[in-house]
Amino acid sequence: MEQDKIAILMSTYNGERYLREQIESIQKQTNNNWHLYIRDDGSNDKTASIISKFANSDDRITFFNEENICNVGVIRSFMDLLKNVDADFYMFSDQDDIWKRNKIQRALDLITKEKYPEIPLCLHTELQVVNDDLKPIELMKRGRVWDDFLHFLFGNCVTGCTVMINQKLKEKLRIDLIDLNKIAMHDWWFAEVASAFGKVIYDPNPTILYRQHIDNVVGGTDSQAPQQLVQRFFNLSEELNGFLLMAKMASEFQRLYNGEITGKNAEYVRAYANLSKDSSFTNNLKLALKLPPVRSHLRGQLLLDYLMIRHPNKFLHS
């Protein structure tokens, strides 16, 4: 495909309710040097028809898989787009939000202040959570972010619909080699790789109106609110499953980048990647003491310590 300055990648699934508003907010951007590629992930509503109408009326919009609509899941859908589109910079869009008019230009201004031709970069921003009627509820992150590899090894603070990455990061992702079954979410993987080999940049200014509605409430909740903490405490199976996926991601990172990182980062990756064969009560207790999970708050670290020591067999062959 012809190379674009900025490629916007959107994956849709049964998004007929809000999709028009999302696409129109992209069309109204102050920066017009972009091309929007939309991949539908097997919708059974009017989503495909809406995409076709926009693509037929605006040559900046491409219905990426109009002739081959099928469901592969959100991670594979976005990765398929990223693999097959070439640009200098890449942005990612959900189907139900509203982009502020300067979202593209602000991201471009910030990322081009860095050494973008040389190092992998992942820029993400604050989000304004809104209700169905676009009335503000709260800011999502409120400064609860990190930019170092060890924190990203154990948790993610990057929301994909706010992200811009550069070509250097795309190359470093090694899309053709990734086992996507071991990736929790594409935005988390972007941040993990960028923090290891380049830089993660956070813009505290919200550039998106992020809808919180019946099909999309997780992103708008405060995981540290008292009621959320109580729910997490009494639903440790979900927390354990999350930790098992973290270990799988560490294993995949070790497989793809073994020998390319050094020091404490390499030590952590190796230790947690090896849980699938080394996990035991004794080993995990030693690991919790020597290389404890790195979280932004002590409660999170202690929870992962507990899960690792309490359920060592769960990590074997995971």
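Which residue is the bridge partner of Gln128 in E8? The bridge partner of Gln128 is Leu139, a residue of E8. The legends below concern a predicted model, in which local features need pLDDT of at least 70 and side-chain atom pairs count only at pLDDT 80 or more, while totals for chains, interfaces and linings use all residues. Residues are numbered from 1 along each chain as its sequence is written, and side-chain values use heavy atoms, with hydrogens and water left out.

**View 1. Confidence along the protein.** The average pLDDT (the predictor's confidence in each residue, from 0 to 100) is 92. A score of at least 70 is reached by 92% of the residues. In residues 217–222 the pLDDT is below 50. Beyond near neighbours in sequence, this stretch has 13 contacts (heavy atoms within 4.5 Å) in the model.

**View 2. The open sheet E5-E11-E7-E8.** Four strands form this sheet in the order given, with mixed pairing. Strands (E, at least two residues) and helices (H or I, at least four) are DSSP runs numbered from the N terminus, and two strands pair if DSSP finds at least two bridges between them. Strand E5 (98–99) and strand E8 (136–139) stand at the edges with a single partner strand each, so one side of each has no neighbour in the sheet. Strand E7 (residues 128–130) runs antiparallel to E8, and three bridges join them. Strands of a sheet pair through backbone hydrogen bonds, either parallel or antiparallel.

**View 3. Helix H1 against helix H2.** H1 (residues 19–27) and H2 (residues 47–57) pack at an angle of about 25 degrees, and their axes are 10 Å apart. Axes are lines fitted to C-alpha atoms, for helices over the stretch in contact, and angles run from 0 to 180 degrees between N-to-C directions. The two helices are therefore roughly parallel (under 35 degrees; over 145 is roughly antiparallel, 65 to 115 roughly perpendicular and the rest oblique). Their crossing is right-handed (the near helix is turned clockwise from the far one by less than a right angle; anticlockwise is left-handed). H1 contributes Leu19, Arg20, Ile23, Glu24 and Gln27 to the contact, and H2 contributes Thr47, Ile50, Ile51 and Phe54.

**View 4. Helix H7 against helix H9.** H7 (residues 186–197) and H9 (residues 236–257) pack at about 50 degrees, with axes 12 Å apart, and are therefore oblique to each other. The crossing of H7 and H9 is right-handed. Trp188, Trp189, Glu192, Val193, Ala196 and Phe197 of H7 meet Met246, Met249, Glu252, Phe253, Leu256 and Tyr257 of H9.

**View 5. Helix H12 against helix H13.** H12 (residues 281–290) packs on H13 (residues 298–310) at an angle of about 160 degrees, with their axes 8 Å apart. That makes the pair roughly antiparallel. On H12 the contact is made by Phe281, Asn284, Leu285, Leu287 and Ala288, and on H13 by Asp305, Met308 and Ile309.
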